[in-house]
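I opened my notebook to look around a fold, one entry at a time. Come along and keep the picture beside you.

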Amino acid sequence: MLKKTLTFLFVFALSTLCFALPQTYRKAKEGLPHPLSELIKELPPLPLVVFLGEQHDHGFAHRIEEELLRLLEREYPGRVALSLEMFERDVQEDLDRYLSGEIPEEEFLRLCRPWPNYERDYRPLILFAKERGIPVSASNVPRPLASRIARQGEEAFSRLSTDEKRWAASRLQHDFPSYRERFLKTLVDIPSAMMKAGGPGMEERLYLAQCLKDSTMAESLQALHKRFPQRVILHVNGSFHSDYHQGTPGALQTLEPALATVVIKVFPPETPTLEAEAFVKEGTLGEIFFQEPRASQPNSTGEGAAPRE
């Protein structure tokens with residue numbers, strides 16, 4: 001029994017060292033560290049959407065998400081909503097049933113297709129929302145629909161069935177030249193053989209699939225805002241979806257131009273300190289920045305980590 005207790009304490013201490021709670025953040029164009037407790041003061045008045053851009057396999061980012069959700073609920077009790085890229089629109093009903101206590105966690109996990117790193121990284125958010133009665137939006141488009149756009153292009157969007165249209169954006173927003181240019185640059189990391197196998201126009205189709213995700217999440221956020229018009233919505237997504245207020249924030253801006261938005265960027269662990277500081281001082285990537293202290297690196301998420309986006 002003593003051996004098991006000591007083992008547990010060792011693992012707990014190790015996890016605490018690896019994923020210590022963030023203590024400070026930095027503001028765009030300023031760069032000075034501020035206590036985490038002051039972050040709420042940086043936010044505009046409600047209603048508001050806070051975009052938190054993560055690297056999906058970065059444990060430090062997930063600790064920030066959990067702490068920020070708690071801070072928001074403490075400051076705005078009963079006026080917080082949560083939106084997640086990691087759940088798709090077609091599971092919303094089952095997600096709601098779990099949050100309301102109608103179905104057990106085992107059934108929720110079977111029905112809602114959580115990501116491989118759900119238990120470690122996103123379960124704390126869902127459990128806190130369940131405990132506090134915070135509504136949660138399964139905001140993303142089902143992956144098979146995005147994959148179809150990547151294979152067949154924009155025409156496939158116009159041919160969605162009546163049922164499929166319920167789970168995708170009503171309009172595929174993609175006329176964002178700067179975002180498109182930035183996205184296409186990321187494709188250089190894809191092996192050329194894979195791109196050739198996709199046939200002519202593969203790059204553009206992948207961009208349209210990315211925009212379908214952004215458009216769908218933006219419309220999900222709009223619907224959540226209309227349902228709860230005086231709340232702060234914390235939306236968690238891969239950082240590319242919200243960097244520079246492009247992607248999902250850009251699509252939301254066309255739908256709700258008067259709705260205030262804030263982008264929080266959590267730098268991935270491999271970002272050099274000087275590079276991160278340059279982004280902070282430039283101030284266009286977002287409004288609030290976090291970087292994992294070097295003492296807590298290297299990052300480790302173990303097996304089953306979700307792909308980066």
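**Entry 1: a helix across the sheet**

I began with helix 2, which lies across strand 3 (48-54), strand 4, strand 6 (232-238), strand 7 (260-267) and strand 8. Helix 2 runs at about 165° to strand 3. For my own records: helices (H or I, at least four residues) and strands (E, at least two) are DSSP runs, numbered from the N terminus. Axes are lines fitted to C-alpha atoms, for helices over the stretch in contact, and angles run from 0 to 180 degrees between N-to-C directions.

I also noted the ground rules. This is a predicted model, where local features need pLDDT of at least 70 and side-chain atom pairs count only at pLDDT 80 or more, while totals for chains, interfaces and linings use all residues. Residues are numbered from 1 along each chain as its sequence is written, and side-chain values use heavy atoms, with hydrogens and water left out.

**Entry 2: the sheet**

In what order do the eight strands of the open sheet come? I wrote down 2-1-8-7-3-6-4-5, with mixed pairing. Two strands pair if DSSP finds at least two bridges between them. The edge strands are strand 2 (33-35) and strand 5, each of which pairs on one side only. From one strand to the next, the twist averages 30°.

Then I looked up two of the pairings. Strand 4 (residues 80-88) and strand 5 pair in the parallel sense over four bridges, and there Ser83 stands opposite Ser137 of strand 5. Strand 1 (residues 24-27) and strand 8 (residues 288-291) pair in the antiparallel sense over two bridges. Lys27 has Ile288 of strand 8 as its bridge partner.

Is strand 5 (residues 136-140) mostly covered or mostly open? It is mostly covered, as five of its five residues are buried. Buried means under 20% relative accessible area, exposed over 50%, and partly exposed in between (1.4 Å probe, protein chains only).

**Entry 3: helix 2 meets helix 5**

Next I followed helix 5 (residues 118-132), which lies across strand 3, strand 4 and strand 5 and runs at about 145° to strand 4. How do I describe two packed helices? By the angle between their axes and the distance between the axes. The axes of helix 2 and helix 5 come within 8 Å and cross at roughly 15°. These two helices are therefore roughly parallel to each other; the cut-offs are under 35 degrees for roughly parallel, over 145 for roughly antiparallel, 65 to 115 for roughly perpendicular, and oblique for the rest. The residues making the contact include His62, Arg63 and Leu69 of helix 2 and Asp121, Tyr122 and Leu125 of helix 5.

I stopped at His62, which is found in helix 2 (residues 59-75). His62 counts as buried because its relative accessibility is 0%. Leaving aside its neighbours within four places in sequence, His62 is in contact (heavy atoms within 4.5 Å) with Glu54, Gln55, His56, Asn117, Asp121 and Tyr122.

In soluble globular proteins, nonpolar side chains tend to be buried together. I searched for nonpolar cores, each a set of buried Ala, Val, Leu, Ile, Met, Phe, Trp, Tyr and Cys residues joined through side-chain atoms within 4.5 Å. The largest nonpolar core has 47 residues, and Leu43, Leu72, Leu84, Phe87, Ile126, Leu234 and Phe290 touch the most other members. Helix 2 gives the largest share of this core, seven residues. A second, separate core of 21 residues includes Ala146, Ile149, Tyr179 and Leu206.

Ile149 counts as buried because its relative accessibility is 1%. The C-alpha atoms of Ile149 and Leu208 are separated by 6.8 Å, although the two are 59 residues apart along the chain.

**Entry 4: one more pair of helices**

Helix 9 (residues 177-186) and helix 11 (residues 202-227) pack at an angle of about 120°, with their axes 10 Å apart. That makes helix 9 oblique to helix 11. Among the residues in contact are Tyr179 and Phe183 of helix 9 and Leu206 and Tyr207 of helix 11.

**Entry 5: Val262**

My last stop was Val262, in strand 7. Val262 is buried, with a relative accessible area of 5%. Which residue did I pair with it for a distance?
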